[in-house]
Amino acid sequence: MKKQIERLLATITADSADAIIWLDNADVIQSWNRGAEIIFGYAPAEIIGKRFEILVPDDLRVGGELERLKQELASCGFIRNYITQRVAKDGSVLIVELTRTQLRDEHGQAMGSSAILRDVTKRERAQAQIRELNRQLETQVAQRTHELSEANQQLRRRQRELEKANAELERLDELKSEFVSLVSHELRAPLSNISGSLQLLLDEDDANPLTPHQREMITLANDQTERLTRLVKGVLNIARIEAGNAALSFQAFDLCVLIQHLLEQWRACDLEHHWLGPTASNLPSVWGDRDRVEEVLTNLFDNAYKYSNPKSTISVELQVIEDQLVVSISDQGKGISKQELEKIFDKFYRVERSDARQTYGYGLGLYISLKLIQAMGGTLWAESRVGYGSTFYVSLPLAGQSHSPPVSSQISRSLSIAV
Ligand code: ADP
């Protein structure tokens, strides 16, 4: 049995894939297995009897590696997993993992040492490659981090500049609003004095009757004063709205009654158009600032009157859509092209038409109206066809609802447009 185990061990040693070498006390190679032959390329006959240093590269031999290992072996009895280099028969340098063990006989006498060498060239080179890649990666990361931090600093600088510019703009805006409101206030008082005086002159005075020419001149001056008053009022309105200071006073009110009242006034002073009122009845109240809604509707009625021909019809309709009451004002005027439709709600925008000069206005009415209606949680929009007419819609939240901003697009989609 013992012999069998010894034979088995001898076979394992002889055929092992690792190089297993026995060296005598003078480091002369005494045995050379199959693994050593494959790793180093020497046949046993070529190398047995040679010194172990034949396998050590010149630089390591000169550096005294063998002596160091011999000392360590003598003091510890073994060297385990020592990574070093060895040379094969063809001169190629291999990376090996070396384990050496001091051998002693049963009387403790040194009988050389064993050396087991595993070829780890591929593994070590792959690891070296990984280390190199890691190093490159770390360099790149460091570089990118540096670049990012520089970009970040630049962004922060830009942000500071923008904040400064913004603060400056806000300051200018405040100055502008203050200036506009100051100028408008200063203009309103003298204007109302002029208007009052002109009105007095126009009133019949039997003692001092006006000549037709004087009456014509004073009427002209009165019209121009009214125009200027409207402009000042508009500019003042804008200054207030843009300063977030529209000062609305909300209440529930009957929009239908307000419209009927306005229509009566318009029918009385405009005998040229057919003014048709809403046909719907029993409509719920709306929530908003009644006076401001009146202002908006007056502006829309005025536009329908200004931009449509005499004898044509202007019709006003009311309709409940979802939680809004929608007023539509349709005229049979010239209409507005699609491109212009997008701009008419801009400040001071007027459509360029041959008769634009003759038609009074400053392009402020729709801008102010939109802002006011939006501030009341409603919206204002228009649909039009050139040559057929326009319809302007104003939606206002119904009273008694939770007053969230309306969805104008939905409302606009569900309406049937009579143009
Ligand atoms: P304006 O004082 O010029 O009437 P608005 O802001 O009320 O100012 O209107 C802006 C422009 O939109 C008008 O100048 C006009 O060109 C156009 N517009 C407004 N309402 C109508 C309408 N009903 N029909 C045709 N064009 C209109």
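This is a predicted model: local features need pLDDT of at least 70, side-chain atom pairs count only at pLDDT 80 or more; totals for chains, interfaces and linings use all residues.
## Around the ligand

An oxygen atom of the ligand sits 2.8 Å from an N or O atom in the side chain of Y307. On its own, the ligand would expose 530 Å², and the protein buries 97% of that.

There are 19 residues around the ligand, and the ones that come nearest are N303, Y307, D331, R350 and L366. Keep N303 and L366 in mind, as both turn up again in the helix packing: N303 on the α9 side and L366 on the α11 side.

## α9 against α11

Helix α9 covers residues 290–306, and its axis comes within 10 Å of the α11 axis, crossing at roughly 145°. The crossing is left-handed. From α9, the contact uses R292, E295, V296, N299, L300 and N303, while α11 puts in G365, L366, S369, L372 and I373. Sorted by class, that makes five nonpolar, four polar and two charged residues.

## α7 against α11

Helix α11 (residues 365–375) also packs against helix α7 (residues 212–242); here the axes come within 10 Å and cross at roughly 35°. Once again α11 is passed in a left-handed crossing, this time by α7.

On the α7 side you'll find G234, N237, I238, I241 and E242, and they meet Y367, I368, K371 and L372 of α11. The class count for this contact is five nonpolar, two polar and two charged residues. L372 is worth a look on screen: this α11 residue takes part in the contact with α7 and also in the one with α9.

Notes. Residues are numbered from 1 along each chain as its sequence is written. Side-chain values use heavy atoms; hydrogens and water are left out. Axes are lines fitted to C-alpha atoms, for helices over the stretch in contact, and angles run from 0 to 180 degrees between N-to-C directions. Helices (H or I, at least four residues) and strands (E, at least two) are DSSP runs, numbered from the N terminus. A crossing is left-handed if the near helix is turned anticlockwise from the far one by less than a right angle, and right-handed if clockwise. Contact means heavy atoms within 4.5 Å. Ala, Val, Leu, Ile, Met, Phe, Trp, Tyr, Cys and Pro count as nonpolar, Asp, Glu, Lys and Arg as charged, and the others, Gly among them, as polar. A residue is near a molecule or strand if one of its heavy atoms lies within 4 Å of it. A polar contact is a pair of N or O atoms within 3.5 Å; within protein, one must be able to donate a hydrogen and the other to accept it, and residues adjacent in sequence count only if both atoms are side-chain atoms. Accessible areas come from the Shrake-Rupley method with a 1.4 Å probe; for residues, only the protein chains shown count as cover.
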